Amino acid sequence: MGLLTIGAFAQAAELTPKALRLYDRVGLVPPAAVDAESGYRLYDPAQLPLARLVAQLRRIGMPLATVRVVCGLDRAAAAEAVTAYWREVSADTAARGRLATILVDHLSEGGTTMSDPSGDVAVRCAAGCDPGLVRDSNEDVAYAGERLFAVADGVRGPGGAAAAAAAIDALKPLEVADAPAVDLLTLLAGAVAEANRVVRGLGTDEHQPGSTLTAVLRSGSELAFVHVGDSRAYLLRDGELSLLTQDHTWVQTQVDQGRLDRAQAAAHPRRALLVRALGAGARLEADLALRTARPGDRYLLCSDGLSAVVDRAELRRGLAAGTDPAQTVRLLLDRARA
């Protein structure tokens, strides 16, 4: 069979001539020949498998730069590359889906608009850290500002403290971000992705540091939460203490699957093993949530240095004591040390 015209080749490859011209310009599927007089592109039928592969990769949304890499691989490596790409797309789609669901649920509660971000809400806050009685170093970092509140717990080992500090520092620009409530979750998601990139950048050939992160970004009475790891967020409202986050630990997955009860999980030797953390991979799956604060609410962000040694009843009593935030922080630290 001789060379095919661009129209015939496009039809056989299930592409359009316009797409073929683009793939020629970027060097993906160059023509076998170009007619000297007419300038028409001519293609060899042997190029059809490549053109069809390019068409299929583009249909799943793969960028041209990635398509070029995949087309240069052998079949097994190409299959692995497509699998990795689709896993990344699925994770991103799932994250966007969760964000959309949160926003739809929130908008459905109050009609078509978010709560007024300029509402008259007074916030009092304090932060504190303590290395405790056993260690001579502290991997925890806490931050309480005007709009941003966060706690990070570096994974023990070289670089843990630096990872926690880097995670908080990556979020601090949000403190001055002038954004409406509807944009809070998007801002947090982007900042956490940057925090993950920064923490990964601290790794060496011998060790990759990591960190948990639980943070709140406020606009008026709207609170956006982001969470990864086993640090926690609690809410004391009307005398009742609620846990707002779920631990991303191996033992929690066993509890969720019915293989361990909570008492067994609390005493398990692998109870601190994280299944999600900043620095653990290029793609990070973080939990996002949006809540509306009410007058009288008390929120607590803490690492497992508090939650693992002070039971919930004691946490509730400490938060309900009626002292100002700085006194409450000192009270809870004292109870953890005790």
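Tutor: Start with one pair of residues. Ala224 stands opposite Leu290 in E10. Keep in mind that this model is predicted.

Student: Which strand pairs with E10, and in what sense?

Tutor: Strand E7, residues 222-228, pairs with E10 in the antiparallel sense. The pairing runs over 6 bridges.

Student: What is the strand order of the open sheet?

Tutor: Read the order across the sheet. Here 5 strands follow the order E4-E5-E6-E7-E10, with antiparallel pairing. The edge strands are E4 (140-144) and E10 (287-292), and each pairs on one side only. From one strand to the next, the twist averages 10°.

Student: Which helices pack on the sheet?

Tutor: Look for contacts with the strands. Helix H6, residues 160-171, packs on the sheet and touches E4, E5 (148-153) and E6 (213-219). The direction of H6 makes about 160° with that of E5. Helix H7, residues 184-201, also packs on the sheet, touching E6, E7 and E10. The direction of H7 makes about 25° with that of E7.

Student: Now helix H1. Which of its residues are buried?

Tutor: Buried means under 20% relative accessible area. In H1 (residues 6-13), the buried residues are Ile6, Phe9, Ala10 and Ala13.

Student: Why do they line one face of the helix?

Tutor: Look down the axis of H1. Its buried residues fall within an arc of 100°, so they line one face.

Student: What do those buried residues pack against?

Tutor: They pack against strand E1 (4-5), helix H2 (17-25), strand E3 (41-43) and helix H3 (48-59). Just after H1, check the backbone too: Glu14 takes a positive phi of about 60°.

Technical notes. Residues numbered from 1 in each chain as written. Predicted model: local features only at pLDDT ≥ 70, side-chain atom pairs only at ≥ 80, totals over all residues. Heavy atoms only, no water. Pairing = 2+ DSSP bridges. Helix = DSSP H or I, 4+ residues; strand = E, 2+ residues; numbered from the N terminus. Axes fitted to C-alpha atoms, helices over the stretch in contact; angles between N-to-C directions. Contact = heavy atoms within 4.5 Å. Buried < 20%, exposed > 50% of the residue type's maximum accessible area, 1.4 Å probe, protein only. Arc of directions from axis to C-beta.
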